[in-house]
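Open the model in your viewer and keep the sequence panel at hand. We will go from stop to stop, selecting a few residues each time.

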Amino acid sequence: MPSFFRNKRLILILISIILLVALIGFTMRDRDNLTWPEEFLQDTIGGVQTVFHTPVQFVTGIYDNIKDIRQTYEQNQMLKARVSEFKDLLIDVKQLKKDNEELRKLLDKQENMSDYEEIPATVIARSPEPRWFKQLTINKGKRHGVKANMAVITGDGLVGKIQSTSAVTSTVQLLSGFDRSNVIHGVILGGEDDKDQYGLIEAPDDKQKDALLLKKIPYEAKIEKGQTVVSSGMGGVFPKGLLIGKIEKVVIDEYGLTQTAYVEPAADLYDINHVSVVDRASYSPSLDEPPSTSKEEDSE
């Protein structure tokens, strides 16, 4: 009996294998239609896949979106940092370019002013309001040979004079900060008639604060807009030939005896970074300089 049951199991296994092989062979054939068990099994598997696929796809989509948002945020932060770096770099480049232009102008000015000794300096501060437009501080003082009343220029022209000095710094009084006690002898270089005209440059007009006033010009003098004004060098403080500005307009004074010219400063008095202090000690006036007609210039 035991051997019969063992044989029966073997027979059942063999029959199952035969049926399975036959079923595989049957299902592997090229057919246009499925049998109903195959359709049932395929539909059942498809339904189960649909039930699980939709939520899995939803969760996967959320995860991908979160991942994309995180990557976008990181890229955005990186781009912001790069933009900030480029902005800082652009500012540095502009500042270096500006410094370079100012220093080149100063160097050209020094080559054209070989008669004077110049002391290059850098602006380190401007006075607080209300003197912001009137004074600034440079990094050169008595130790560097700077003295009171020395002229201060940029590559564009005269900007003021030394008001006071300490050991290593000096205060510069800008042209825009001059008052009636500080005047400069100026000369308008010859126009069409090739004749120079002399006058006194005073503090800026209250009505036109950006312009200097050149007063005491002879009534009969022919002055035109655009003529150049330089220092005459006759006051004993400012060297001769320092560019001051150009004529903007000319009016008759209140008494009708002389003319007053509005002079636009050649140098930008509001944006100064590098200057030169002009030492007039080695200066010797030319013999053909016109005589002074004023009491005294550049007086304190």
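**Stop 1: a charged pair**

Select E74 and R70: they form a salt bridge, with 3.6 Å between the closest N and O atoms. Bear in mind throughout the tour that this is a predicted model. Now show the cartoon around the pair. Both E74 and R70 belong to helix α2 (residues 36-112), where they sit four residues apart, about one turn of the helix. Colour by accessibility next: R70 counts as exposed because its relative accessibility is 59%, while E74, at 46%, counts as partly exposed. How many salt bridges does a search of the whole structure find? It finds one.

**Stop 2: strand β1 and its partners**

Move on to strand β1 (residues 117-126) and bring up strand β12 (residues 274-279) with it. The two run antiparallel and are joined by six bridges. To see one of these pairings, select E118, whose bridge partner in β12 is V278.

**Stop 3: into the nonpolar core**

Stay on I138 and show what surrounds it. Leaving out residues up to four places away in sequence, I138 touches A121, T122, V123, I124, I162, V168, T169, S170, V172, V275 and V277. Which residues have the most contacts inside the largest nonpolar core? They are I138, L158, I162, I184, L214, V229 and V277, in a core of 40 residues. As a general background, nonpolar side chains tend to be buried together in soluble globular proteins.

**Stop 4: around the barrel**

Next, select six strands in the order β6-β7-β8-β11-β10-β9: they make a closed barrel with antiparallel pairing. From one strand to the next, the twist averages 40 degrees. Zoom in on strand β9 (residues 228-231) and strand β10 (residues 243-252), an antiparallel pair with three bridges. V229 in this pairing stands opposite G245 in β10, and V229 is also among the residues with the most contacts inside the largest nonpolar core.

**Stop 5: a residue of β7**

Finish on Q197, in strand β7 (residues 197-202). Is Q197 buried or exposed? With a relative accessible area of 9%, Q197 is buried. Display its surroundings, setting aside neighbours within four places in sequence: Q197 is in contact with G186, V187, I188, I217, P218, A221 and I223.

Definitions and conventions
Residues numbered from 1 in each chain as written. Predicted model: local features only at pLDDT ≥ 70, side-chain atom pairs only at ≥ 80, totals over all residues. Heavy atoms only, no water. Salt bridge = Lys/Arg side-chain N within 4 Å of Asp/Glu carboxyl O. Buried < 20%, exposed > 50% of the residue type's maximum accessible area, 1.4 Å probe, protein only. Core = buried A, V, L, I, M, F, W, Y, C linked by side-chain atoms within 4.5 Å. Contact = heavy atoms within 4.5 Å. Pairing = 2+ DSSP bridges. Axes fitted to C-alpha atoms, helices over the stretch in contact; angles between N-to-C directions.
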